[in-house]
Amino acid sequence: MTSTALDTTAEAIGETPTAQHLINGQWLGDADTPRWNPARPGELAAYSPAGSAVEVDAAVTAAVEAQPAWASLPAPARGAILIKAGTLLEERAEAVAEDLVREEGKTLAEARGEVRRAIDVLRFFGSLGWASSGEVLPSGLADTVVTTRREPLGVFGLITPWNFPIAIPAWKAAPALISGNAVVLKPAELTPLSATHLARALHDAGLPAGVFNVVHGKGRVVGEALARDARVAGLSFTGSTFVGRQLQEILNARHARVQLEMGGKNGVLVLDDADPRKAAQVVAAGAFGLTGQACTATSRVYVTPGIRSAFLEALVAEAALYVPGDGLEGGRIGAVVSSAQFQQDAAAVRSAVERGASLLHGKHDADPSGGLFFAPAVLADLPFDDPAVVEEIFGPVVAVLEVPDYEAGLAAINDSRYGLTAGICTDSLASATDFAARVQAGIVKVNRPTAGLDLNVPFGGVKDSSTNTFREQGRTAVDFYTWGKTVYTGI
Ligand code: ADP
C-alpha cells in the first residue's frame, strides 16, 4: 500500500477524478483502475485502486481498534459529526453530483436528488443522537425500574451497488455509525468516486480514524474477504440476488448478522376505473426514470380489458418523452451504466420480440457508437411466463399484459420470486385497500410510481428481494446495527 496525500479542501473536490481507500484515517492505494464515462466514449470518469485481502485486513483491524472509543462518545457527539459531514457534502454537492453523473450515467437532476438524499440521511441519523434509544417499562416487583438499551455490535461490513452510489453507502453507514459501530465499506467497482466523496465528508467532519473505512476493488476479492472476516459482526449488502444469497451462506455459516436487499420484478396493476393518462405517467416514471436501473423500478404492468388500449396509447406517448442523453447535457434519462448492461437490456428486448412480443416503443442499435443511450422499451402481447416478464432486466424496459379482472391481476403480480415493490392505479378505495393487504411486496404504492421512497420510511422486500428480517432506512434501520438489552434496577 502506498500512502498519498489527498487534497480534501472544498475547492479540490471534484477536480481530481481519483478515488482512494480510506483505512485508519489514511488515504491509500495506487489508483490505476480506469472508469470510463458511459455517456461519452473515451472520456475518463475516475481512477480507483483495486484492493485485496491485505487492505480488507488492515481496514477491519483499524475498525476493531477504533470502535470502543467511538461507542463511548456521547451519542449527540457522534451525531454532531454526521451532521457536519452532511453540511460539508452540501457545500460540495454540485461537484459531487457531476462526478456521480460522469461515473454512473444518470441525469444531473437525478444525481442532485441523490446527493441531497445522502445529505439528509446524514442529518436524519445525526439528529437521532439526541433521540431516545430505549424504553422504561413497568415492573411487577416493588422498587424496581426496567429499562431497555440498544448496544452496537462492533464492526459492520457494507457492500454497495453502482445504481445509487452515494445514497446507499450513506443510508447503510449513518445508522451503523450513530449506533456506535465502526464500518468498512466496499463500494461498487463502477462508481468509486461517489463513495469516496462520502468518505471525504465524514473524514473532514472529524470522524476519528478507523471508524469509517473504504476499500475499493472487486466483489469476489474485497467483498468476499470482508464477508469472511470473523471480526466483522454483520454485513449489509445491496446488489444482485445471486451474490446476495452467496454472502448469506457465508454469514450464516459463522452466525453473523446479515441484511440483503436484492432484485425486483415490480408489477403495477392498472384497473378500468383509473385515468389512463395518469396511470401511464405513474408507470413511465417508475419504469423509465433512473434509466430503469433501480431495484424498485416498474418492469411489468397488468391491465384490465376496458383500459388496455387507452393506457397503451398513453404509455407510448409518455415513453417518447423519456429521451435518453448525456446526463450533463439535459437528457431526460441518462446513459446505461455499462456496455454489458446495455447488451443485457437490448438482448432482453430483442429476444422477447423474436418470441412474438410487440415492441410498441424503443428501437435500439445493437452496438451504439456514441454513448450508451437506450430508448425506453414498451413490450406487449407476451405470455405471462416470458423471460421479459419473469426475470429482472435492470433497464428501461416494461412489459404490458392484459388480465381479465382485479383478482387475476393481483394473482399475476404475486406470481413472482421477487417481492420488493408493487403498485396499483385505481380510483377504487376498496380495490386499493384490498391490494395493499394481499399483495406480496414490502412496499405498496397506490397511484404512485413503484420507485422512490422518503428517507424516514422502512424499506425492504420479501421473497428473493430481501432477507426480510431487518428493514433499511428511517429509525427502523438502527435495529440491524444494534442488539437489545433489558436492565432491571432495584432502588
Ligand atoms: P450488480 O449486478 O448490480 O453489479 P452485484 O451483486 O454483482 O450487482 O454487485 C453488488 C456489489 O456486490 C458490488 O459492490 C460488487 O462488487 C459486490 N460483489 C459482487 N460479487 C461479490 C462476491 N462474490 N462477494 C462479495 N461481494 C460481491
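Contact here means heavy atoms within 4.5 Å. Helices (H or I, at least four residues) and strands (E, at least two) are DSSP runs numbered from the N terminus. The model is predicted, so local features need pLDDT of at least 70 and side-chain atom pairs count only at pLDDT 80 or more, whereas totals for chains, interfaces and linings use all residues. Residues are numbered from 1 along each chain as its sequence is written, and side-chain values use heavy atoms, with hydrogens and water left out.

**Figure 1. Overall architecture of the predicted protein.** The protein contains 15 helices and 21 strands. The C-alpha trace spans about 70 × 65 × 40 Å along its principal axes. The radius of gyration, taken over C-alpha atoms, is compared with a globule rule of 2.2 Å times the number of residues to the power 0.38. For 491 residues a compact globule would have a value near 23 Å, and the protein's 23 Å agrees with this. Among contacts with a separation of 6 or more, 74% join residues 24 or more positions apart.

Figure 2. Of the 491 residues, 56% count as buried; buried means under 20% relative accessible area, exposed over 50%, and partly exposed in between, with a 1.4 Å probe and protein chains only. The protein exposes about 18,800 Å², of which carbon and sulfur atoms supply 54%. Accessible areas come from the Shrake-Rupley method with a 1.4 Å probe, and for residues only the protein chains shown count as cover. There are 40 positive and 54 negative side chains, and the centres of the two sets lie 4 Å apart. Lys and Arg count as positive and Asp and Glu as negative, while His and the chain ends are not counted; each charge is placed at NZ of Lys, CZ of Arg, CG of Asp or CD of Glu.

Figure 3. In soluble globular proteins, nonpolar side chains tend to be buried together.

**Figure 4. Surroundings of Leu-177 and Arg-78.** Beyond its neighbours within four places in sequence, Leu-177 contacts Trp-70, Arg-78, Leu-82, Val-183, Leu-202, Leu-207, Val-211 and Phe-212. Arg-78 belongs to helix α2 (residues 75-91) and is buried, with a relative accessible area of 7%. With residues up to four places away in sequence set aside, Arg-78 touches Trp-70, Ala-71, Leu-73, Leu-177, Ile-178, Ser-179 and Gly-180. Arg-78 and Leu-177 are 99 residues apart along the chain, and their C-alpha atoms are separated by 7.6 Å. Ala-77 also lies in helix α2, but counts as partly exposed at 30% relative accessibility.

**Figure 5. Ala-176 in helix α5 and Ala-225 in helix α7.** Ala-176 is buried, with a relative accessible area of 0%. Its contacts, leaving aside neighbours within four places in sequence, are Asn-181, Val-183 and Tyr-481. Ala-225 is part of helix α7 (residues 219-228) and touches Ala-53 and Val-56, residues up to four places away in sequence not being counted.

**Figure 6. Packing of helix α13.** In α13 (residues 406-414), the buried residues are Tyr-406, Gly-409, Leu-410, Ala-412, Ile-413 and Asn-414. They pack against strands β12 (266-270), β13 (298-303), β18 (421-425) and β20 (462-463), as well as helix α14 (429-438).

**Figure 7. Positive phi at Phe-394 and Asn-447.** Most residues other than glycine have a negative phi. Phe-394, although not a glycine, has a positive phi of about 70°. This residue lies in the loop between α12 (387-390) and β16 (397-402) and counts as buried at 17% relative accessibility. Asn-447, likewise not a glycine, has a positive phi of about 55°. The loop between β19 (443-446) and β20 holds Asn-447, which counts as partly exposed at 28% relative accessibility.
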